[in-house]
Protein chains: 2
Amino acid sequence: MKYLLVIAHGSRRMASNDEVRDVVRQFELQEHDFDRVATAFLELDKPDIPQGLITAIEQGATDIVIVPYFLSAGRHVSEDIPAEVASVRKDYPNVMIKIAPYLGASDRMPEILLTQANEV
Amino acid sequence: MKYLLVIAHGSRRMASNDEVRDVVRQFELQEHDFDRVATAFLELDKPDIPQGLITAIEQGATDIVIVPYFLSAGRHVSEDIPAEVASVRKDYPNVMIKIAPYLGASDRMPEILLTQANEV
């Protein structure tokens, strides 16, 4: 069972976390081959990364792809997220957990910024 | 003269700021009708927002579009950026300065996340 987990930093401002959840909900309107899609937070909201992964596995996920909802390759992307993932991976050696490139690494970013610029 | 100014938060980690500058440089490869494109930072790197706007105006910009390179509509997007822009706007009443919707508000975000997910 293929599962997509989008990981955001998490904010003290709950509306920001809800915004991420809303983006992830919009996946339901897209064509894709994931059986389930969910959100987890590095900090400040729930589920955290281990909780998000364990929920996925309990729901039957055998193949999990994590996308970091981050704009730059800072410590959170390069160290914190991989460390949290590694802590779960060792307990579930039969589940494939992969970390995709973070959002800001997308080569479509200029195109999206341009679309936003043309909205005004 | 049409000018696009992408505004990022700015990071203590200079490589993150360089990443934003690189994304903005990629604009040169896109089709668009801006005469110039540049980056400014809310904090922690230069130029700051007033400096970025004044440079644009000194270069002849008459029509400036700002795109906030932010993922959520927090205080930075809703208050800090508009306040910085207003501080410059009052000195240059003949220059049109508009703030476009921030990056995270793009309805193409799910599609981009999906593209990233399919990279692994």
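1. Five of the six residues of β3(A) are buried, so the strand is largely enclosed by the rest of the structure. "Buried" here means 20 or more other C-beta atoms within 10 Å of a residue's own; 12 or fewer makes it exposed, anything in between partly exposed, and the C-beta atoms are placed from the backbone. Helices (H or I, at least four residues) and strands (E, at least two) are DSSP runs, numbered from the N terminus.

2. Some housekeeping before going on. This is a predicted model, in which local features need pLDDT of at least 70 and side-chain atom pairs count only at pLDDT 80 or more, while totals for chains, interfaces and linings use all residues. Residues are numbered from 1 along each chain as its sequence is written, with chains lettered from A and ligands numbered from 1 in the order in which they are written.

3. Back to the strands. β3 (residues 63-68) of chain A runs parallel to β1(A), with six bridges between them; strands count as paired if DSSP finds at least two bridges. Lys2(A) sits opposite Asp63(A), and Leu5(A) has Ile66(A) as its bridge partner. β3(A) also pairs with β4(A), again in the parallel sense, over four bridges, and there Val65(A) faces Lys98(A). The chain gets from β3(A) to β4(A) through α3(A), and this β-α-β crossover is right-handed. The handedness test: with the strands pointing away from the viewer, the path from the first strand over the helix to the second runs clockwise.

4. β1 (residues 2-8) of chain A is mostly covered too, with six of its seven residues buried. Ala40(A) is the bridge partner of Ile7(A) in β2(A). Together with helix α1 (residues 14-25), these two strands of chain A make a right-handed β-α-β unit.

5. Which residues have the most contacts inside the largest nonpolar core? They are Leu5, Val6 and Val67 of chain A and Leu5, Val6 and Val67 of chain B, in a core of 73 residues. A core is a set of buried Ala, Val, Leu, Ile, Met, Phe, Trp, Tyr and Cys residues joined through C-beta atoms within 7 Å. Val67(B) is worth a click: leaving aside neighbours within four places in sequence, its contacts include Leu113(A), Gln116(A) and Ala117(A), as well as Val6(B) and Leu103(B). Contact means C-beta atoms, placed from the backbone, within 7 Å.

6. In helix α2 (residues 49-58) of chain A, the buried residues are Ile49(A), Gly52(A), Leu53(A) and Ala56(A). Seen down the helix axis they fall within an arc of 95°, so they line one face of α2(A); the arc is that of the directions from the axis to the C-beta atoms. Their cover includes β1, β2, β3, α3 and β4 of chain A. After α2(A) comes Gly60(A), with a positive phi near 110°.

7. On α3 (residues 75-89) of chain B, have a look at Val85(B). Val85(B) has 20 other C-beta atoms within 10 Å and is buried. Its contacts, setting aside neighbours within four places in sequence, are Ile49(B), Ile66(B), Ile97(B) and Ile99(B). Pro50(B) is 35 residues away in sequence, but 6.9 Å away C-alpha to C-alpha.

8. In chain A it holds Pro47(A), and the peptide bond from Lys46(A) to Pro47(A) is cis, with omega near -5°. In chain B the bond from Lys46(B) to Pro47(B) is cis as well, with omega near 0°. Leu44(A), also in the chain A loop, has a positive phi of about 70° although it is not a glycine. Leu44(A) counts as partly exposed, with 15 C-beta neighbours inside 10 Å.

9. Finally, the dimer geometry. The same surface serves both copies, as 100% of the contact residues of chain A recur in chain B. Each chain gives 36 residues to the contact. On the chain A side, β1, α1, β3 and α4 (109-117) each give two or more residues, and the largest share, nine residues, comes from α4(A).

Terms used:
Two residues are in contact if their C-beta atoms, placed from the backbone, lie within 7 Å.
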